[in-house]
Amino acid sequence: MELAAPDPGSGSPAQSFYRDAILALRNAGIDVLVGAAYAFALQTRVERITKDFDLFIRPKDLDAAIDAARHAGFRAGVSSPHWLAKIESDVGFIDVIFSSGNGDATVDDEWFEH
């Protein structure tokens, strides 16, 4: 089942970009976790402005995620092959994280269970 975007008039251009990117990944069958400031705000109701949006995916989904983002019209590519990719538009960027920067904590099924 393909997911539909909410009313495009709601939210800032950056929020619309984040929504559209998540929908592109989810419609490609890729599970995502929202992290960092947005996840913190959801859990604590304490919001802070950030320059980006963080999504976590499994490493096995990396190529499909880049393809889905590009198909949706965004710029996408691997920034650091051991842990980070980016999805970009004219209004913002998304860090797509599939491992920790030091390589010790690869995103796996347990991340999605907990």
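This report describes the secondary structure, sheet and helix packing of a predicted protein model.

The protein has 4 helices and 5 strands. Read from the N terminus, these elements follow the order α-β-α-β-α-β-β-β-α. Of the 114 residues, 36% count as buried. The protein exposes about 7,000 Å², and carbon and sulfur atoms supply 53% of that area. Among contacts between residues at least 6 apart in sequence, 44% join residues at least 24 apart.

The 5 strands form an open sheet with mixed pairing, in the order E1-E2-E5-E4-E3. Strands E1 (33-35) and E3 (75-80) each have a single partner strand, so one side of each lacks a neighbour in the sheet. On average, and with direction ignored, neighbouring strands are turned by 30 degrees against each other.

Strands of a sheet pair through backbone hydrogen bonds, either parallel or antiparallel. Strands E4 (residues 84-89) and E5 (residues 92-97) run antiparallel and are joined by 6 bridges. One of the residue pairs is Lys 86 with its bridge partner in E5, Asp 95.

Helix H1 lies across E1, strand E2 (53-56), E4 and E5. Helix H3 packs on the sheet and touches E3 and E4. Their residue ranges and angles are tabulated below.

| Helix | Residues | Strands touched or crossed | Angle |
|---|---|---|---|
| H3 | residues 62-71 | E3, E4 | about 145 degrees with E3 |

Definitions and conventions. Residues are numbered from 1 along each chain as its sequence is written. This is a predicted model: local features need pLDDT of at least 70, side-chain atom pairs count only at pLDDT 80 or more; totals for chains, interfaces and linings use all residues. Side-chain values use heavy atoms; hydrogens and water are left out. Two strands pair if DSSP finds at least two bridges between them. Helices (H or I, at least four residues) and strands (E, at least two) are DSSP runs, numbered from the N terminus. Axes are lines fitted to C-alpha atoms, for helices over the stretch in contact, and angles run from 0 to 180 degrees between N-to-C directions. Contact means heavy atoms within 4.5 Å. Buried means under 20% relative accessible area, exposed over 50%, partly exposed in between (1.4 Å probe, protein chains only). Accessible areas come from the Shrake-Rupley method with a 1.4 Å probe; for residues, only the protein chains shown count as cover.
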